[in-house]
Amino acid sequence: MRGTLQVDPASAVPIWKQIEEGVRRLVAGGALAAGDPVPSVRDLARDLAVNPATVAKAYQQLTEAGLLVVRRGEGTFVQAGPEGQRREREALLAQGAAAYAGLARNLGFARGEAESALERAWTEEKGGKA
Amino acid sequence: MSAIACERLTLGYGRREVVVEAGLEVPAGGFLALLGRNGAGKSTLVRGLLGLLPPIAGSARILGLDPWKDRAALMAKVGVVPETPDVPPAMTLADASAFCGRLRGTWDAAGVLERLDRMGVDARKPFGDLSRGQRTQGALALALGGSPEVLVLDDPTQGLDPVARRAFFREVLGDLAERGTTVLMATHDLEGVETLADRVAVLHEGRVLVQAPLEDLKARFRRLNAPAQADPAAFAPFGPVHLRGNGLGLEGTLAAFDADAWARAGLDPDWARGADLETIFTAMVEGGAE
């Protein structure tokens with residue numbers, strides 16, 4: 001997880017939220033699986049050059065959400081199993097969809113036009129890869 | 001209890017009031033960045049908080065102690081990194097550490113040497129022969145030698161190159177994580193302090209213009225980049241500062257952003273992007289926001 005998480009200080013999203021979302025993405029993508037250890041608050045704070053309280057807040061949110069679990073004396077671990085991973089993936093997809101719908105609306109496109117643009121992009125992506 | 005607090009604190013030299021009715025509050029374990037232009041009164045406020053200057057009016061408390069009256073007791077619990085490190089040029093850091101150890105009840109001499117070693121600073125070299133960055137690192141190692149509950153730094157990274165600055169901030173960070181030290185850093189280094197500070201106070205012409213959690217400021221401020229056809233009047237409710245045309249459109253800073261009101265007004269979310277601390281600071285000081 002170290003090295004793959006990054007924060008953007010200029011973003012309007014609070015840094016703890018960026019860390020929280022970064023961990024959620026790693027869980028969604030399967031890079032972090034149940035039982036994997038995550039860096040200590042201190043190590044991650046040093047890596048990202050952010051205040052340890054900021055990392056602690058992100059971890060606390062993730063623990064409350066059931067994605068992480070603290071084992072006394074051992075450290076912090078990923079708790080989310082396949083079910084949690086599926087939920088995170090769906091949440092990410094919903095986020096992306098909302099952003100796309102917002103963009104299309106802002107550009108003045110109708111729903112049908114947005115849907116066909118998505119359809120085209122989907123096929124091109126597949127074709128490109130094959 | 002707040003680790004650092006002052007209320008209506010007025011400080012100055014002779015009849016000249018430099019800091020007027022300053023109010024600050026830093027909870028234990030907090031990190032306050034004290035920002036302000038040159039001459040805003042940052043160093044004077046730091047001196048007042050460290051008991052080097054008597055208050056003209058108002059009061060200050062650090063760890064519950066009055067810095068002017070209880071300076072000796074307080075200094076056992078406070079580490080200081082001054083603007084210009086004050087170790088005698090002929091003295092080595094190892095000797096300076098041993099000297100501090102004799103003055104103070106608790107002193108981690110081994111810890112100081114270990115820290116210096118990690119930072120790549122030669123503890124056996126005369127202080128005057130060290131580079132500016134090494135002198136600052138050395139001052140930090142000495143400030144942390146007494147395991148302080150509060151660390152006060154007066155523009156420590158001034159004149160340091162980016163690599164030395166980064167190393168310095170990492171070292172401060174390590175200590176924060178280990179001990180939960182409360183930090184007050186007067187600084188011009190907005191970029192360096194941006195991810196570390198959880199609170200920001202802006203001093204302008206001797207007065208505390210704003211004091212708030214950094215997160216609140218980030219929520220309130222936005223960089224505006226709108227296309228030319230956008231109506232400038234639409235931005236009026238969002239505290240526009242420095243609004244100007246740039247050929248492609250309209251740019252500036254919004255000091256009173258509200259995402260819900262923005263959406264209700266039908267404005268494009270992409271026009272208002274997150275603002276970095278430098279943008280926020282400039283808008284506050286020049287725009288007189290607040």
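Me: How many residues does the contact take from chain A and from chain B?

Reply: In this predicted model, the contact takes 18 residues from chain A and 20 residues from chain B. On the side of chain A that touches chain B, the elements giving two or more residues are helix 2 (41-48), helix 3 (52-64) and helix 4 (82-106) of chain A. Helix 2 of chain A gives the most, with four residues.

Me: What makes up the side of chain A that touches chain B, by class?

Reply: That side of chain A has twelve nonpolar, four polar and two charged residues.

Me: Why is chain A called more spread out than a compact globule?

Reply: For 130 residues the globule rule gives 14 Å, whereas the radius of gyration of chain A is 18 Å. The value is well over the rule, so chain A is more spread out than a compact globule. The C-alpha atoms of chain A fill a box of roughly 55 × 35 × 25 Å along the principal axes. Of the 130 residues of chain A, 27% count as buried.

Me: What is the secondary structure of chain A, and which pattern does it follow along the sequence?

Reply: Chain A has five helices and three strands, and their order along the sequence is α-β-α-α-β-β-α-α. Among contacts in chain A with a separation of 6 or more, 56% are between residues 24 or more positions apart.

Me: Why is B:Trp107 called partly exposed?

Reply: B:Trp107 has 19 other C-beta atoms within 10 Å. A residue is buried at 20 or more and exposed at 12 or fewer; the count of 19 lies in between, and B:Trp107 is therefore partly exposed.

Me: Where is B:Trp107 found, and which residues does B:Trp107 touch?

Reply: B:Trp107 is in the loop between helix 3 (93-103) and helix 4 (109-119) of chain B. Leaving out residues up to four places away in sequence, B:Trp107 touches B:Cys100, B:Gly101, B:Gly145 and B:Gly146. From B:Glu21, B:Trp107 is 86 residues apart in sequence and 36 Å apart in space, C-alpha to C-alpha.

Me: Which members of the largest nonpolar core touch the most other members?

Reply: This core has 108 residues, of which B:Leu32, B:Leu34, B:Leu49, B:Ile62, B:Val152 and B:Ala201 touch the most other members. Its largest share, seven residues, comes from helix 1 (residues 15-28) of chain A.

Me: How do you know that B:Ile62 is in contact with B:Leu49?

Reply: Two residues are in contact if their C-beta atoms lie within 7 Å. B:Leu49 is one of the contacts of B:Ile62 beyond four places in sequence; the others are B:Ala3, B:Ile4, B:Pro67, B:Leu74, B:Val78 and B:Val150.

Conventions. Residues numbered from 1 in each chain as written. Chains lettered and ligands numbered in written order. Predicted model: local features only at pLDDT ≥ 70, side-chain atom pairs only at ≥ 80, totals over all residues. Nonpolar A, V, L, I, M, F, W, Y, C, P; charged D, E, K, R; others polar. Core = buried A, V, L, I, M, F, W, Y, C linked by C-beta atoms within 7 Å. Rg over C-alpha atoms; globule rule 2.2 N^0.38 Å.
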